Amino acid sequence: MTTLHTPAATADRTGVSLDTLRYYEREGLIGPIRRSPGGHREYTEDDLFWIGLIRCLRTAGLGIADLRAFVAVLRSDRSPQDRAAFLRERRAALEERVVGLHRAIEVLDAKIAHYS
């Protein structure tokens, strides 16, 4: 039997707000989300996995447009190589951000040393 979670329990387990859950669903990043006979959303463990993946990718700096593109690639019949290429491109962009962040930290460290 599939474990079902209420929206509140899902929000609690995934660390996102109820509004964010609905936004992710509206944007097609998760779902379609199952509904109870009364029309209430019911999240499965698979849904929770997807929400966690979306959160991870958001933390990595992917915007909503990138996430839509990624979900489209995953849901399509494109090859695993196409999926990996998509992620490699995003990884390269993230590495560039890391380099920039390291430069910013060096500047801050220099200023802290100067004022200390």
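Reply: We can begin with a caution and a landmark: this is a predicted model, and helix 1, which covers residues 7-14, is followed by G15, whose phi is positive, near 80 degrees. Another glycine comes just after helix 2, where G28 takes a positive phi of about 80 degrees.

Me: What pattern does the protein chain follow along the sequence?

Reply: The protein chain has five helices and two strands, and read along the sequence they follow the pattern α-α-β-β-α-α-α.

Me: Why is the protein chain called more spread out than a compact globule?

Reply: The radius of gyration of the protein chain is 19 Å, whereas the globule rule gives 13 Å for 116 residues; the value is well over the rule, and therefore the chain is described as more spread out than a compact globule. Along its principal axes, the C-alpha trace spans about 65 × 40 × 25 Å. Buried residues make up 25% of the 116 residues.

Me: Which residues of helix 1 are buried, and how do you know that they lie on the same side?

Reply: The buried residues of helix 1 are T10, A11 and T14. They cover an arc of only 100 degrees around the axis, and this is the reason for placing them on the same side of helix 1. On the other side of helix 1, A8, D12 and R13 are exposed, while the buried residues pack against helix 2 (18-26) and helix 3 (45-59).

Me: Which residues of helix 2 are buried, and what covers them?

Reply: In helix 2, the buried residues are L21, Y24 and E25. They cover an arc of only 100 degrees around the axis, so they are placed on the same side of helix 2. The face turned away from that buried side carries the exposed residues D19 and R26, and what covers the buried residues includes helix 1, strand 1, strand 2 (41-42) and helix 3.

Me: Why is I51 called buried?

Reply: A residue counts as buried when its relative accessible area is under 20%, and I51 has a value of 0%, so it is called buried. I51 is found in helix 3, and, leaving aside its neighbours within four places in sequence, it is in contact with T10, T14, V16, L21, I30 and Y43. I51 and I30 are 21 residues apart in sequence and 6.9 Å apart in space, C-alpha to C-alpha.

Me: Why is R97 called partly exposed?

Reply: Partly exposed lies between the buried limit of under 20% and the exposed limit of over 50%; R97 has a relative accessible area of 44%, and therefore it is called partly exposed. R97 is in helix 5 and, leaving aside its neighbours within four places in sequence, it is in contact with A60 and G61. The C-alpha atoms of R97 and G61 are 8.8 Å apart, although the residues are 36 apart in sequence.

Me: How do you know that R90 makes a polar contact with D66?

Reply: A polar contact needs a pair of N or O atoms within 3.5 Å, and the side chains of R90 and D66 make such a contact at 3.3 Å. R90 is in helix 5 (residues 80-115) and, leaving aside its neighbours within four places in sequence, it is in contact with L62 and D66.

Me: What kind of peptide bond joins G31 and P32?

Reply: The bond is cis, with omega about 10 degrees, and P32 is in the loop between helix 2 and strand 1 (34-35). Most peptide bonds are trans.

Me: Where does UniProt place the domain feature?

Reply: The unreviewed UniProt entry places "domain: HTH merR-type" at residues 4-73. Over residues 4-73 the chain is 60% helix and 6% strand, and the end C-alpha atoms are 27 Å apart.

Methods. Residues numbered from 1 in each chain as written. Predicted model: local features only at pLDDT ≥ 70, side-chain atom pairs only at ≥ 80, totals over all residues. Heavy atoms only, no water. Buried < 20%, exposed > 50% of the residue type's maximum accessible area, 1.4 Å probe, protein only. Helix = DSSP H or I, 4+ residues; strand = E, 2+ residues; numbered from the N terminus. Arc of directions from axis to C-beta. Contact = heavy atoms within 4.5 Å. Polar contact = N/O pair within 3.5 Å; in protein donor to acceptor, adjacent residues only side chain to side chain. Rg over C-alpha atoms; globule rule 2.2 N^0.38 Å. UniProt positions renumbered as here; feature names shortened; annotations may be inferred.
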